[in-house]
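Here is a short briefing on one protein chain. Please read it alongside the sequence and the 3D view.

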Amino acid sequence: MLRQLFFAVTAFPGSFAYYVLYINAQIQTTDTSTLTTTTTITIPDGDALDDATPIVIEVVVN
């Protein structure tokens with residue numbers, strides 16, 4: 001049985017293999033964002049998102 005846990009981000013891993021950003025359930029291309037090891041994800045030249053827009057960040061750690 002696969003379980004998914006959802007929780008608020010307090011920090012990203014210090015190192016990771018890659019990440020996938022989903023905005024409104026749509027995978028974003030790799031040139032859309034950058035992820036730092038703090039709690040920051042940046043979308044250069046991106047529009048402001050509505051507070052109700054679902055955001056999922058999948059971080060894969062080796």
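Thr 42 has a relative accessibility of 35%, so Thr 42 counts as partly exposed, between the 20% and 50% cut-offs. Thr 42 sits in strand β4. The model is predicted, and β4 (residues 41-42) has the lowest mean pLDDT among the elements of the chain, at 74.

**Around Thr 42**

- Beyond its neighbours within four places in sequence, Thr 42 is in contact with Thr 32, Ser 33 and Thr 34.
- Thr 42 and Thr 32 are 10 residues apart along the chain, and their C-alpha atoms are separated by 8.5 Å.

**The loop between β2 and β3**

- Thr 32 belongs to the loop between β2 and β3.
- The relative accessible area of Thr 32 is 18%; this is under 20%, so Thr 32 is buried.
- The side chain of Thr 32 makes a polar contact with the side chain of Thr 29, at 2.9 Å.
- With neighbours within four places in sequence left aside, Thr 32 is in contact with Thr 42, Ile 43 and Pro 44.
- Ser 33 lies in the loop between β2 (26-27) and β3 (34-35).
- Is Ser 33 buried or exposed? Ser 33 counts as buried, because its relative accessibility is 7%, under the 20% limit.

**Sheet**

- Which strands form the open sheet, and in what order? Three strands form it, in the order β2-β1-β5, with antiparallel pairing.
- β2 and β5 (55-60) each have a single partner strand, so they stand at the edges, and one side of each is left without a neighbour in the sheet.
- In general, strands of a sheet pair through backbone hydrogen bonds, either parallel or antiparallel.
- Strand β1 (residues 18-23) pairs with β2 in the antiparallel sense over two bridges.
- β1 and β5 also pair in the antiparallel sense, over six bridges.
- Tyr 22 has a bridge partner in β2, Ile 27.
- Tyr 22 has a bridge partner in β5 as well, Val 56.

**Hairpin turn**

- β1 and β2 form a hairpin with two residues between them.
- Most residues other than glycine have a negative phi.
- Phi of Asn 24 is near 55°, a positive value in a residue other than glycine.
- Phi of Ala 25 is near 70°, again a positive value in a residue other than glycine.
- Asn 24 is partly exposed, because its relative accessible area of 48% falls between the 20% and 50% limits.
- Ala 25 has a relative accessibility of 65%, over the 50% limit, so Ala 25 counts as exposed.

**Aromatic pair**

- How many aromatic pairs does a search of the whole structure find? The search finds one.
- The pair is Phe 16 with Tyr 19; the ring centres are 6.1 Å apart and the planes stand at 80°, so the pair is edge-to-face.
- The angle decides the label here, because planes over 60 degrees apart count as edge-to-face.
- Phe 16 counts as partly exposed, at 26% relative accessibility.

**Chain as a whole**

- The protein chain has zero helices and five strands.
- From the N terminus on, the elements run β-β-β-β-β.
- Of its 62 residues, 11% count as buried.
- The chain exposes about 5200 Å², and carbon and sulfur atoms supply 54% of that area.
- Among contacts with a separation of 6 or more, 62% join residues 24 or more positions apart.

**Confidence**

- The mean pLDDT of the chain is 79.
- A pLDDT of 70 or more is reached by 84% of the residues.
- Among the elements, β2 has the highest mean pLDDT, 94.
- The lowest mean belongs to β4, the strand that holds Thr 42.

How values were computed
Residues are numbered from 1 along each chain as its sequence is written. Side-chain values use heavy atoms; hydrogens and water are left out. Helices (H or I, at least four residues) and strands (E, at least two) are DSSP runs, numbered from the N terminus. Buried means under 20% relative accessible area, exposed over 50%, partly exposed in between (1.4 Å probe, protein chains only). pLDDT is the predictor's confidence in each residue, from 0 to 100. Rings of Phe, Tyr and Trp (its six-membered ring) pair if their centres lie within 6.5 Å; planes under 30 degrees apart count as stacked, over 60 as edge-to-face and the rest as tilted. Two strands pair if DSSP finds at least two bridges between them. Contact means heavy atoms within 4.5 Å. A polar contact is a pair of N or O atoms within 3.5 Å; within protein, one must be able to donate a hydrogen and the other to accept it, and residues adjacent in sequence count only if both atoms are side-chain atoms. Accessible areas come from the Shrake-Rupley method with a 1.4 Å probe; for residues, only the protein chains shown count as cover.
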